[in-house]
Amino acid sequence: MSKVKVLIDTEQSDVYQRMTKFLSQENIDYEIQTDAAKAVHDFLDEHEGANGKKIDERISHIFITVGIPAHIKGYKFLREAIKLAVDNPSIINSITKQLYPSIAKQFSTTPSKVERAIRHAIEVGWNRGRADRVNDIFGVKAFDRKDKPTNGEFIALIADKMLLEGA
């Protein structure tokens, strides 16, 4: 059985004593945490880590399927843009004001270079003739070979797919 983690305000000594007595009497393996911020941080580290990796893998799988090579700068910018859009879907409505600048800051570059690199990554995938694979991923004919999506369309489409699949 796993260890039960209990968050207790140490200023409430009566609650602390009652809880430890109860857990001991019931032979429950427990860990007392008194720092709420640390407890939340530990919880998120434990649970987000797997999901963070999972979403990266799912996005990478889509990129490979669509033909976006991992060695170009736009690949990592595009992956980060999708993750940001999954975390905050409304950011897709302010790509130039919020999305590109936050990615640029994270990677120590400029928003215009982020925009250009993402556009190039999408273009490379499209020029490899894999538009049909994008349609296969979504199960509908979303794009024609001639209809290369804009950065915002592509980011929103992939982010929406991640959200629908429970990202």
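Modeller: Helices (H or I, at least four residues) and strands (E, at least two) are DSSP runs, numbered from the N terminus. On that basis, the elements of the chain run β-α-β-α-α-α-α-α-α from the N terminus on. That is seven helices and two strands.

This is a predicted model, in which local features need pLDDT of at least 70 and side-chain atom pairs count only at pLDDT 80 or more, while totals for chains, interfaces and linings use all residues. Residues are numbered from 1 along each chain as its sequence is written, and side-chain values use heavy atoms, with hydrogens and water left out.

Now the part itself: helix 3 against helix 7. Helix 3 covers residues 73-87 and helix 7 covers residues 151-164. Their axes lie 9 Å apart, at an angle of about 55 degrees. Axes are lines fitted to C-alpha atoms, for helices over the stretch in contact, and angles run from 0 to 180 degrees between N-to-C directions. The angle therefore makes helix 3 oblique to helix 7. Under 35 degrees counts as roughly parallel, over 145 as roughly antiparallel, 65 to 115 as roughly perpendicular, and the rest as oblique. The crossing is right-handed: the near helix is turned clockwise from the far one by less than a right angle.

Contact means heavy atoms within 4.5 Å. Helix 3 supplies Leu78, Ala81, Ile82, Ala85 and Val86. Helix 7 answers with Phe154, Ile155, Ile158, Ala159, Met162 and Leu163. An α-helix has 3.6 residues a turn, so residues three or four places apart point the same way. By class, this contact has eleven nonpolar, no polar and no charged residues. Ala, Val, Leu, Ile, Met, Phe, Trp, Tyr, Cys and Pro count as nonpolar, Asp, Glu, Lys and Arg as charged, and the others, Gly among them, as polar.

Lys83 is also found in helix 3. Lys83 touches Ile55, Asp56 and Ile59, leaving aside residues up to four places away in sequence. Lys83 and Ile59 are 24 residues apart in sequence, with their C-alpha atoms 8.7 Å apart. Lys83 counts as partly exposed because its relative accessibility is 21%. Buried means under 20% relative accessible area, exposed over 50%, and partly exposed in between (1.4 Å probe, protein chains only). Across the chain of 167 residues, 34% are buried.
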